[in-house]
Amino acid sequence: MFADSAKIYIRSGKGGDGHVSFRREIYVPAGGPDGGDGGRGGDLIFEVDEGLNTLSDFRYVKKYCAEDGESGGKKRCHGKDGSDLIIKVPEGTVIKDTETGKVIADMSHDNRREVILKGGNGGKGNQHYATPTMQVPKYAQPGQSGRELNVTLELKVIADVGLVGFPNVGKSTLLSRVTNARPKIANYHFTTLNPNLGVVDLEGGSGFVMADIPGLIEGASEGIGLGHEFLKHIERTKVIIHMVDAASTEGRDPVEDINTINSELAAYNEELAHRPQVIAANKLDVLFGEAEAEAVNKLKNEFEPKGIKVFPISAVSGKGVKELLYYIKELLESIDTAPVIFEREFFPSDITFSNEPYTVVQEEEHLFAVEGPRIERMLGYTNLDSEKGFEFFQRFLKESGILDELEAMGIEEGDTVRMYGLHFDYYK
């Protein structure tokens, strides 16, 4: 089953926690702390797989998590690093942050592999925290949390030329005639339920890739009909072939059809309205003489003054198709050949957090001790004798969660809190 969008949850691995232990061996006095570091969490990686052309696998598995790092051990043993998780996607997949809709990565052209979420660093063991003032550190650094995101995957086909138009105007018939693609063809609306791609080979020159975009209708940009699901596939195309039933075999006005679809393209993405366009006036094999000339002139008089060339064709008989293809080839050679790539707007690495360790213990009935490297640094550069400095330190204790932990342990007003060489009375 073809699928061109999916929403999934991804998470990189958590870093392993640092270990708290002390060397205790006979004949080794003052062995000191020997807790090992935790292992690094695995990365979450996206990679292009040439053998995939749909996102259907993501309909069944919605959660992807890299492996966590292992915790450190005693005797300075380092925890094992977590394994990376590689997610395979088809070329042309755009990864977006679901909450903001911003682009994280475009897996197309030269971008074949990208680390989306870095794994968390492993925490340092207590061996790293021995200082002249704290020779027996009873804390270690917890492993850094893995980063997590809800992402939306969108597959946008990579084609030079996009065929657009109302349903049943002959797009699939034209694609089957000029390429090796074999789409389903039938005389009813919405025969094409997914984009079809084919390579157009021309004599005396290189070819180009053409995509048949499923039929659009009025209101497609607002989600009406099936067209809304496939408007995304037009975004990478450099030239748009606007195919129209010039013979009005279903009673629709071809000029009105073209204006309606162009309005839908502009409503979806204003930039699409400025892409080079060519009109393929199809189904002229059912008209003869003056009726055929009148139908073609009507379109030419309306659109050629606007710089949009009109080609009378018959996708069934092949009449006029060769001239259309060679004109498109010249048009492609005259415009910018740089691929359409969606620039990154969202950086998961900006998700930050602090995980420096600290301990809160009750040493006696009315005495609590708080220790940790960040607390030691704060005491070192904060002037507690000034009112502003003391307020700053109190705010730090509150925001870091230390006050919440003290209250959870049952601290009462008037109890003493010891932080290294300083003692404070606790008041709410």
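Buried means under 20% relative accessible area, exposed means over 50%, and partly exposed lies in between (1.4 Å probe, protein chains only). Keep those words at hand for the tour.

This is a predicted model: local features need pLDDT of at least 70, side-chain atom pairs count only at pLDDT 80 or more, and totals for chains, interfaces and linings use all residues. Residues are numbered from 1 along each chain as its sequence is written, and side-chain values use heavy atoms, with hydrogens and water left out.

**The whole protein**

Start with the cartoon view. The protein has seven helices and 18 strands. Helices (H or I, at least four residues) and strands (E, at least two) are DSSP runs, numbered from the N terminus. Of the 428 residues, 49% are buried. Take the contacts between residues at least 6 apart in sequence: 72% of them join residues at least 24 apart. Contact here means heavy atoms within 4.5 Å.

**Stop one: D43**

Select D43. The loop between β1 (5–11) and β2 (44–48) holds this residue. Is D43 buried or exposed? D43 is buried, at 6% relative accessibility. Now show its surroundings. Leaving out residues up to four places away in sequence, D43 touches A66, D84, L85, V115, L117, K118 and G119. Zoom in on G119. Its backbone nitrogen lies 2.7 Å from a polar atom of the D43 side chain.

**Stop two: the cores**

Next, colour the nonpolar residues. In soluble globular proteins, nonpolar side chains tend to be buried together. A nonpolar core is a set of buried Ala, Val, Leu, Ile, Met, Phe, Trp, Tyr and Cys residues joined through side-chain atoms within 4.5 Å. The largest one has 36 residues, and L174, F208 and M210 have the most contacts inside it. Elements that each supply at least two residues of this core include α1 (171–178), β11 (205–212), α2 (254–268) and α4 (321–334). Which element gives the most to this core? That is α4, with six residues.

Select F208. Beyond its neighbours within four places in sequence, F208 is in contact with D160, V161, G198, V199, V200, L202, L325, I328, K329 and L332. Another core lies apart from the largest one; it has 22 residues, among them A6, F46, V89 and V151.

Move to residues 359–364, which form β15. The open sheet here has four strands in the order β15-β16-β17-β18, with mixed pairing. Its edge strands are β15 and β18 (422–425), and each pairs on one side only. Two strands pair if DSSP finds at least two bridges between them. Strand β17 (416–419) pairs with β18 in the antiparallel sense, over four bridges. Select M419: its bridge partner in β18 is L422.

**Stop four: two positive phi values**

Most residues other than glycine have a negative phi. Select R76. Its phi is positive, near 60 degrees. R76 sits in the loop between β3 (63–65) and β4 (85–89). R76 is exposed, with a relative accessible area of 53%.

Then select K283. Its phi is also positive, near 65 degrees. K283 belongs to the loop between β13 (277–282) and α3 (289–303). At 18% relative accessibility, K283 counts as buried.

**Last stop: cysteines**

Select C65 and C77. C65 is partly exposed, at 29% relative accessible area. C77 is partly exposed too, at 42%. How many disulfides does the structure hold? It holds zero, a disulfide being a pair of cysteine sulfur atoms within 2.5 Å.

Note on methods:
Polar contact = N/O pair within 3.5 Å; in protein donor to acceptor, adjacent residues only side chain to side chain.
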